[in-house]
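Here is a short note for a colleague who is meeting this structure for the first time.

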Amino acid sequence: METNKLVTGTVVGAVTMIVIGRLIFDTVMVGFYETNGAAAFGVGREAVIWPALALGTAALAALVTVCIGWSGAKNASDGFKVGGIVGFLVWLGVDLIYYAQFNIGTSLMPLVDSLIEVVRTGVGGAVIASVLERSK
């Protein structure tokens with residue numbers, strides 16, 4: 001994949017995923033996370049560390065961009081599938097490891113969190129694939 005496409009996909013994907021993520025996690029699903037936080041109540045930060053959030057989301061967007069390039073996804077629908085699968089697998093793995101080692105969530109958390117990531121990274125993947133296809 002060309003560097004300019006990787007950078008473009010990463011930037012548009014990260015912006016999209018941050019916006020969608022804030023809507024999902026801070027608005028729609030906030031009650032679920034408050035209820036299923038296990039013993040970790042009160043561990044959330046008062047204020048988000050935006051540079052860390054941006055870099056972490058950009059890393060995920062870069063992974064989705066690379067996978068879209070490898071898969072040959074040509075449109076938003078293909079991009080959603082690739083992004084959704086990548087997001088699901090990444091977060092299922094991370095959440096299960098966290099569940100195994102830390103008391104920060106209930107046993108329901110890994111499944112629900114990973115399924116929500118299908119939406120966030122799926123939409124990010126759809127936007128990435130659309131932008132990359134238009135740039136040809």
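1. A salt bridge is taken here as a side-chain nitrogen of Lys or Arg within 4 Å of a carboxyl oxygen of Asp or Glu. The model is a predicted one, and it holds two salt bridges. In one of them Arg22 pairs with Asp26, with the closest N and O atoms 2.7 Å apart, which is within the 4 Å limit.

2. Arg22 and Asp26 are four residues apart in helix α1, so about one helical turn separates them. Arg22 is partly exposed at 28% relative accessibility, and Asp26 is likewise partly exposed, at 41%.

3. The other bridge joins Arg120 to Glu117, whose closest N and O atoms are 3.0 Å apart. Both residues belong to helix α5, where they stand three residues apart, about one turn of the helix, and both Arg120 and Glu117 are buried.

4. Helix α1 (residues 3-28) and helix α5 (residues 109-134) have axes that come within 8 Å of each other and cross at roughly 145 degrees, and the crossing is right-handed. Among the residues that meet there are Val12, Met17 and Ile20 in α1, and Glu117, Arg120 and Val127 in α5. Sorted by class, this contact comprises twelve nonpolar, seven polar and four charged residues.

5. As for aromatic rings, the structure holds one aromatic pair. It is formed by Tyr98 and Phe102, arranged edge-to-face with 5.6 Å from centre to centre and 80 degrees between the planes. Tyr98 is partly exposed, with a relative accessible area of 39%, and Phe102 is also partly exposed, with 43%.

Note on methods: Residues numbered from 1 in each chain as written. Predicted model: local features only at pLDDT ≥ 70, side-chain atom pairs only at ≥ 80, totals over all residues. Heavy atoms only, no water. Axes fitted to C-alpha atoms, helices over the stretch in contact; angles between N-to-C directions. Helix = DSSP H or I, 4+ residues; strand = E, 2+ residues; numbered from the N terminus. Left-handed = near helix turned anticlockwise from the far one by under 90°. Contact = heavy atoms within 4.5 Å. Nonpolar A, V, L, I, M, F, W, Y, C, P; charged D, E, K, R; others polar. Phe/Tyr/Trp six-rings, centres within 6.5 Å; stacked < 30°, edge-to-face > 60°. Buried < 20%, exposed > 50% of the residue type's maximum accessible area, 1.4 Å probe, protein only.
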